[in-house]
Amino acid sequence: MATTNSHAQSSSTPAKPALRKPVFIKVGDLKPETSGLTLIAKVLSSEIVLQKGLVASASSNVRNVRIAECLVGDETGTILFTARNHQGVDLMKPGTGVIIRNGKIDMFKGSMRLAVDKWGRIEVTDSVTFEVKEDNNLSLMEYELVNVAE
């Protein structure tokens with residue numbers, strides 16, 4: 001009887017999955033409580049709303065906390081983007097084109113805010129050639145959570 005060695009392939013390293021190409025979404029298509037968003041936008045305004053130094057209780061290290069609210073948009077609309085610390089406070093200058101990778105929609109007082117978490121990334125780009133549609137601000141729309149009785 002002949003036997004075959006079924007474990008011959010197990011000693012080789014497993015193949016890495018291929019990287020997926022990003023799917024870019026438009027600002028006008030954003031929905032509440034979504035995540036994993038990639039979009040290209042233009043910064044219209046940027047304002048630092050919080051800047052202070054926090055002292056960590058376990059050590060004497062001082063951490064600076066900076067939060068900026070930026071109005072970003074594309075040809076379909078605009079939305080408020082919350083930039084935190086090193087994630088983009090310095091990058092978000094008016095007139096700059098940015099690529100937001102792995103963004104998410106946070107709800108704040110019933111309105112949508114775009115943000116990136118610790119896995120997200122903001123990149124400056126020069127490929128922004130569109131005119132921003134400023135009359136469709138998604139952050140001005142108020143959403144209400146409604147429980148549906150069955």
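**Exercise 1.** Is Arg 101 buried, partly exposed or exposed, and what is its relative accessibility?

*Solution.* The structure is a predicted model.
Step 1. The relative accessibility of Arg 101 is 22%.
Step 2. Buried means under 20% and exposed means over 50%, with partly exposed in between.
Step 3. Arg 101 therefore counts as partly exposed.

**Exercise 2.** Find the salt bridge between Glu 123 and Arg 101, and state which strands it ties together.

*Solution.* Step 1. Side chains of opposite charge can pair when their charged atoms come close.
Step 2. For Glu 123 and Arg 101 the N to O distance is 3.0 Å. The cut-off is within 4 Å, so the pair is a salt bridge.
Step 3. Glu 123 belongs to strand 5 (residues 111-125) and Arg 101 to strand 4, so the bridge ties together parts that are 22 residues apart in sequence.
Step 4. Glu 123 has 21% relative accessibility and counts as partly exposed.
Step 5. Arg 121 joins Arg 101 and Glu 123 in a network of salt bridges.

**Exercise 3.** Locate the two partners of the salt bridge between Asp 90 and Arg 66.

*Solution.* Step 1. The closest N and O atoms of Asp 90 and Arg 66 are 2.7 Å apart.
Step 2. Asp 90 sits in the loop between strand 3 (77-84) and strand 4 (97-108), while Arg 66 is in strand 2 (residues 62-74).
Step 3. The two residues are 24 residues apart, and the pair links distant parts of the chain.

**Exercise 4.** Describe the salt bridge between Lys 104 and Asp 106.

*Solution.* Step 1. Their closest N and O atoms are 3.8 Å apart.
Step 2. Lys 104 is partly exposed, at 25% relative accessible area. Asp 106 is partly exposed, also with a value of 25%.
Step 3. The whole structure holds six salt bridges, including this one.

Note on methods: Residues are numbered from 1 along each chain as its sequence is written. This is a predicted model: local features need pLDDT of at least 70, side-chain atom pairs count only at pLDDT 80 or more; totals for chains, interfaces and linings use all residues. Side-chain values use heavy atoms; hydrogens and water are left out. A salt bridge is a side-chain nitrogen of Lys or Arg within 4 Å of a carboxyl oxygen of Asp or Glu. Helices (H or I, at least four residues) and strands (E, at least two) are DSSP runs, numbered from the N terminus. Buried means under 20% relative accessible area, exposed over 50%, partly exposed in between (1.4 Å probe, protein chains only).
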